[in-house]
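Here's a quick briefing to read with the model open beside you.

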Amino acid sequence: MGKFYGKVGYGETVETSPDIWEEQIVERAYYGDVLKNSRQWEKGEGLNDNLRINNSISVVADAYAYENFANIRYVEWMRAKWKVTNVEVQRPRLIFTLGGVYNGPTK
């Protein structure tokens, strides 16, 4: 389909002071392919509908990605950060399924 280059955000929990733990975001850049490109509008509770994309992106993973794939929070794609709703390990790649816009902490 198309090519992908973008950042992946990992949430790492670190101790900022004694007994205080916070999630910090670490971003790493990856190359890959866009396997599926689709979107849908969902009826929201507010005035406007919510945009949800159902894209699948496959990236060539490194050792860090394999060790921390459970901590992946978002993928930056088309100038926006999107929640990663599913990660599938298919060595040497990771396949991400994206959902709605990511609104959590960023770098």
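Arg28 pairs with Asp62 in a salt bridge, and the closest N and O atoms are 2.9 Å apart (a salt bridge being a side-chain nitrogen of Lys or Arg within 4 Å of a carboxyl oxygen of Asp or Glu). That pair links distant parts of the chain, 34 residues apart: Arg28 sits in strand S2, and Asp62 in the loop between strand S5 (56–60) and helix H1 (63–67). Helices (H or I, at least four residues) and strands (E, at least two) are DSSP runs, numbered from the N terminus.

Bear in mind that this is a predicted model, where local features need pLDDT of at least 70 and side-chain atom pairs count only at pLDDT 80 or more, while totals for chains, interfaces and linings use all residues. Residues are numbered from 1 along each chain as its sequence is written, and side-chain values use heavy atoms, with hydrogens and water left out.

**Salt bridges**

- Searching the whole structure turns up 6 salt bridges.
- Side chains of opposite charge can pair when their charged atoms come close.
- Both ends of the opening pair are partly exposed: Arg28 has a relative accessible area of 31% and Asp62 one of 27%. For these labels, buried means under 20% relative accessible area, exposed over 50%, and partly exposed in between (1.4 Å probe, protein chains only).
- Glu23 and Arg73 form a salt bridge too, with the closest N and O atoms 2.8 Å apart. This pair links distant parts of the chain, Glu23 in strand S2 and Arg73 in strand S6 (residues 72–77), 50 residues apart.
- Glu23 counts as partly exposed at 31% relative accessibility, and Arg73 does as well at 26%.
- Lys7 bridges to Glu27, where the closest N and O atoms are 3.9 Å apart. Lys7 lies in strand S1 (residues 2–17) and Glu27 in strand S2 (residues 20–36), so the pair ties together parts that are 20 residues apart in sequence.
- Lys7 is partly exposed at 37%, whereas Glu27 is buried with a relative accessible area of 19%.
- Lys3, Asp33 and Arg93 are joined in a network of salt bridges.

- Asn55 is in the loop between strand S4 (50–53) and S5, and counts as buried at 0% relative accessibility.
- The Asn55 side chain makes a polar contact with the Asn37 side chain at 3.3 Å (a polar contact is a pair of N or O atoms within 3.5 Å; within protein, one must be able to donate a hydrogen and the other to accept it, and residues adjacent in sequence count only if both atoms are side-chain atoms).
- Leaving out residues up to four places away in sequence, Asn55 touches Trp77, Phe96 and Leu98, among others; contact means heavy atoms within 4.5 Å.
- Gly100 belongs to strand S8 (residues 93–101) and is buried at 12%.

**Nonpolar core**

- The largest nonpolar core has 20 residues, and those with the most contacts inside it are Ile57, Val75, Trp77, Leu94, Phe96 and Leu98. Such a core is a set of buried Ala, Val, Leu, Ile, Met, Phe, Trp, Tyr and Cys residues joined through side-chain atoms within 4.5 Å.
- S1, S2, S5, H1, S6, strand S7 (80–90) and S8 each supply at least two residues of this core.
- Beyond its neighbours within four places in sequence, Leu94 is in contact with residues including Ile57, Val59, Phe69 and Val87.
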